[in-house]
Amino acid sequence: MGLTIADLKKGEQGIITDSSSKNIPLKLLEMGCLPGNRVKLLQLAPFSDPMYLNINDSYLAIRKETAAQIIIEKTNE
């Protein structure tokens, strides 16, 4: 398995390459957690869970456990 959203540090971003895991709630897929979409880590809650993200101009908070199921490719932008 490659790099995931859970591996991002505050301010880093990437492109989602795979979100086909059965452990990802359908609601997250509907909110934009799909391959090809850009994701940026905006903030971490205390103890790093949940993670506050911007995915294709939508803001959402997801658990680190779920973020570890979404594979990304890191970008420098």
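Student: Which residues in the largest nonpolar core touch the most other members?

Tutor: The general idea is that, in soluble globular proteins, nonpolar side chains tend to be buried together. In this predicted model, the largest nonpolar core has 17 residues, and those that touch the most other members are Ile5, Ile16, Val39, Leu53, Ile55, Ile62 and Ile70. Two or more core residues come from each of strand E2 (38-44), strand E3 (51-55) and strand E4 (58-62), and E3 gives the most, with 3 residues.

Student: What does isoleucine 16 touch, if residues up to four places away in sequence are not counted?

Tutor: Setting those neighbours aside, you will find that isoleucine 16 touches Gly32, Cys33, Leu34, Pro35, Gly36, Asn37 and Val39, and also Ile55, Ile70, Ile71 and Ile72.

Student: How many salt bridges does the structure hold, and which side chain does glutamate 12 meet in one?

Tutor: The structure holds 2 salt bridges, and in one of them the side chain of glutamate 12 meets that of lysine 74, at 3.3 Å from N to O. Because glutamate 12 belongs to the segment before strand E1 (13-18) while lysine 74 belongs to strand E5 (residues 71-75), this pair ties together parts that are 62 residues apart in sequence. Glutamate 12 is partly exposed, with a relative accessible area of 23%, and lysine 74 also counts as partly exposed, at 39% relative accessibility. Another salt bridge joins arginine 63 and glutamate 65, whose closest N and O atoms are 3.3 Å apart; glutamate 65 is exposed, with a relative accessible area of 54%.

Student: Where does asparagine 56 lie, and what is its phi?

Tutor: Asparagine 56 lies in the loop between E3 and E4, and its phi is near 50°, which is a positive value in a residue other than glycine. Aspartate 57 lies in the loop between E3 and E4 as well, and it has a positive phi of about 65° although it is not a glycine. As for accessibility, asparagine 56 counts as partly exposed at 42%, whereas aspartate 57 is exposed, with a relative accessible area of 69%.

Student: How many residues apart in sequence are threonine 4 and alanine 67?

Tutor: Here we set the separation along the chain beside the distance in space. Threonine 4 and alanine 67 are 63 residues apart in sequence, and their C-alpha atoms are 6.7 Å apart in space. Threonine 4 lies in the segment before E1 and counts as buried at 5% relative accessibility. Leaving aside neighbours within four places in sequence, threonine 4 is in contact with Ala67, Ala68, Ile70, Ile71 and Ile72.

Terms used. Residues numbered from 1 in each chain as written. Predicted model: local features only at pLDDT ≥ 70, side-chain atom pairs only at ≥ 80, totals over all residues. Heavy atoms only, no water. Core = buried A, V, L, I, M, F, W, Y, C linked by side-chain atoms within 4.5 Å. Buried < 20%, exposed > 50% of the residue type's maximum accessible area, 1.4 Å probe, protein only. Helix = DSSP H or I, 4+ residues; strand = E, 2+ residues; numbered from the N terminus. Contact = heavy atoms within 4.5 Å. Salt bridge = Lys/Arg side-chain N within 4 Å of Asp/Glu carboxyl O.
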